[in-house]
Amino acid sequence: MESNQGNTKTKMAALDGFTTHPIPARSAVEQAAHEDVAVQLLEQWNRVRNRLQQEVGDVEYRTWLRQITLGSVDGDEVTVHLPTRFLRDWVRGHYADKLNALWQSENKRIRRVDIRVGGIGVSVAPSVAEPDDAFRPDGTVIEVAATVKASERSDPRAEASRPEMAAPLDTRFEFDSFVVGKPNEFAYACARRVAERPSSPGFNPLFLYGGVGLGKTHLMHAIGIELSRRDTAPIQVAYMSAEKFMYRFIAAIRSQSTMEFKEQLRSVDVLMVDDLQFLIGKDNTQEEFFHTFNALVDAGKQIVVSADKSPSDLSGLEDRLRTRLGCGMVADLHATTFELRISILEAKASRAEAEVPPKVLEFLAHKITSNVRELEGSLNRLIAHANLFGRPITLESTQEVLHDILKAHDRRVTIEEIQKRVAEHWNIRLADMSSARRARAVARPRQVAMYLAKQLTSRSLPEIGRKFGNRDHTTVMHAVSRVTELIAQDADFGERVELLRRMLES
Ligand code: ADP
Ligand code: MG
């Protein structure tokens with residue numbers, strides 16, 4: 001399976017460079033056609049899995065879905081396998097509708113996803129290929145279980161105005177569920193503005209950029225959802241990932257329907273393309289996107305684009321495209337602050353109607369700093385475990401349940417770094433961290449450094465002692481309890497230590 005996907009990727013990537021060559025009609029080459037459809041299905045599955053991972057977050061994905069494999073595809077049914085009954089039941093209970101919706105969005109013929117306990121291996125055995133994702137049943141009989149129609153879940157209004165080629169909008173990603181704070185308020189305001197008045201001068205294109213999991217996709221969906229809920233004349237909104245844009249484009253070339261593809265794209269009022277950095281190195285797709293972009297903007301239509309970097313930093317995209325991308329409004333989603341992470345966690349916990357002690361929220365906000373998706377995933381995992389075992393969430397259970405993630409997030413601050421920062425902060429010599437001097441002016445900072453070393457590293461007390469001029473472990477122990485006391489007694493001192501900790505952690 002893994003190696004199959006590898007091949008598939010190479011094959012698709014290579015195709016991007018071949019757009020000037022005629023591609024033989026499928027019906028002409030039976031064998032190739034057969035292979036083609038199998039490849040398509042594997043690609044679809046690959047995308048379903050990737051999107052699933054994106055949507056549920058790495059943590060949840062690793063916990064419940066990592067071992068999911070494609071079993072077979074038969075007519076309008078897909079079977080996926082999980083290795084144990086426990087995992088199967090969990091996935092049926094929690095992800096059946098999502099799997100269904102994702103499959104449907106990749107392949108509109110799929111009506112059911114059957115989740116079963118099963119072995120490894122893929123059987124995709126269509127005998128004859130037809131254009132446009134079509135394939136014939138391979139004759140396997142499959143029992144029906146745990147299916148939810150994607151159409152029952154999605155917002156019918158959002159569906160009504162969705163062009164056929166676009167991906168469905170996730171109704172969880174509304175403006176209302178987006179928590180606004182300093183790092184994202186500008187991007188949020190721009191997105192709101194575009195949703196209220198698309199194609200306003202100065203806001204077209206809207207270019208959202210920022211690191212992974214900071215809310216770009218969320219804001220794009222929110223724009224689409226908002227627009228689809230408007231009472232005024234219906235607006236055609238198309239949202240798709242840049243990757244999907246490329247696959248659609250390639251598929252259009254293969255099936256000799258590029259004109260149709262272009263027309264479809266150019267008929268929308270708002271085009272949103274997510275993760276544009278994917279087009280780096282895909283010159284033909286970039287070219288096509290550039291033309292679409294120009295045609296739409298010239299016709300007064302709104303474009304919203306996201307990427308992981310600003311237009312000027314997206315080297316690898318054609319200059320003229322970068323220039324045009326930077327012509328409207330460019331809004332940056334900055335890394336989250338501690339305060340924003342707390343607000344997000346509070347909002348998500350209350351949405352999930354879960355009792356999560358503030359201490360646990362603070363702990364998570366301290367530990368998982370890079371990515372809201374992961375923060376959210378960790379919280380979901382905590383809640384899932386608490387529900388599963390009927391136990392309240394505590395700091396201890398959090399550390400246990402999230403053991404693997406927390407380990408990965410250990411920032412590996414070194415004792416040397418701590419000593420350096422602390423010495424700088426109190427303006428003492430670094431050498432005094434290990435010297436024998438006992439004057440309060442050096443002894444106190446030294447104690448703080450020991451305290452932070454205990455808190456932020458996994459070093460033992462004797463190890464820490466050795467780094468501070470070969471001091472005994474009892475000295476370190478004493479420093480830790482003294483600093484703990486002082487933090488409780490002296491707010492100013494407490495704030496300084498907290499500040500240092502944050503600097504070291506970031
Ligand atoms: P990106 O596209 O920037 O990688 P996403 O938009 O997919 O990130 O966000 C990842 C997850 O984090 C989503 O589940 C999203 O709802 C959530 N998220 C990100 N930022 C916020 C926020 N400010 N408020 C609420 N949820 C957020
Ligand atoms: Mg995204």
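**Ligand, sheet and helices**

Analyst: Happy to! In this predicted model, a polar side-chain atom of R373 sits 2.8 Å from an oxygen atom of ligand 1.

User: Which residue has a backbone N or O atom 2.8 Å from a nitrogen atom of ligand 1?

Analyst: Let's look at the nitrogen atoms of the ligand. The side chain of N184 has an N or O atom 3.3 Å from a nitrogen atom of ligand 1, but that is a side-chain atom. The backbone atom at 2.8 Å belongs to V179.

User: Good. In the open sheet of five strands, which are the edge strands?

Analyst: The strands pair in parallel, in the order β7-β8-β9-β6-β10, and the twist from one strand to the next averages 15°. An edge strand pairs on one side only.

User: Now the helices: is α9 roughly parallel or roughly perpendicular to α11?

Analyst: Helix α9 (residues 242-254) packs against helix α11 (residues 283-298) at about 100°, and their axes are 10 Å apart. Angles of 65 to 115 degrees count as roughly perpendicular. Therefore the relation of α9 to α11 is roughly perpendicular.

User: How many residues of that contact of α9 with α11 are nonpolar?

Analyst: On the α9 side the contact uses F245, M246 and F249, while α11 brings N284, T285, E288, F289 and T292. One residue of this contact is charged and three are polar. The nonpolar count is four.

User: Which residues of α10 make the contact with α9?

Analyst: The axes of α9 and helix α10 (residues 258-266) come within 7 Å and cross at roughly 145°. From α9, the contact takes in F245, R248, F249, A252 and I253. The contact divides into six nonpolar residues, one polar and one charged. On the α10 side, the residues are T258, F261 and L265.

Technical notes. Residues numbered from 1 in each chain as written. Chains lettered and ligands numbered in written order. Predicted model: local features only at pLDDT ≥ 70, side-chain atom pairs only at ≥ 80, totals over all residues. Heavy atoms only, no water. Axes fitted to C-alpha atoms, helices over the stretch in contact; angles between N-to-C directions. Helix = DSSP H or I, 4+ residues; strand = E, 2+ residues; numbered from the N terminus. Parallel < 35°, antiparallel > 145°, perpendicular 65-115°, else oblique. Contact = heavy atoms within 4.5 Å. Nonpolar A, V, L, I, M, F, W, Y, C, P; charged D, E, K, R; others polar. Pairing = 2+ DSSP bridges. Polar contact = N/O pair within 3.5 Å; in protein donor to acceptor, adjacent residues only side chain to side chain.
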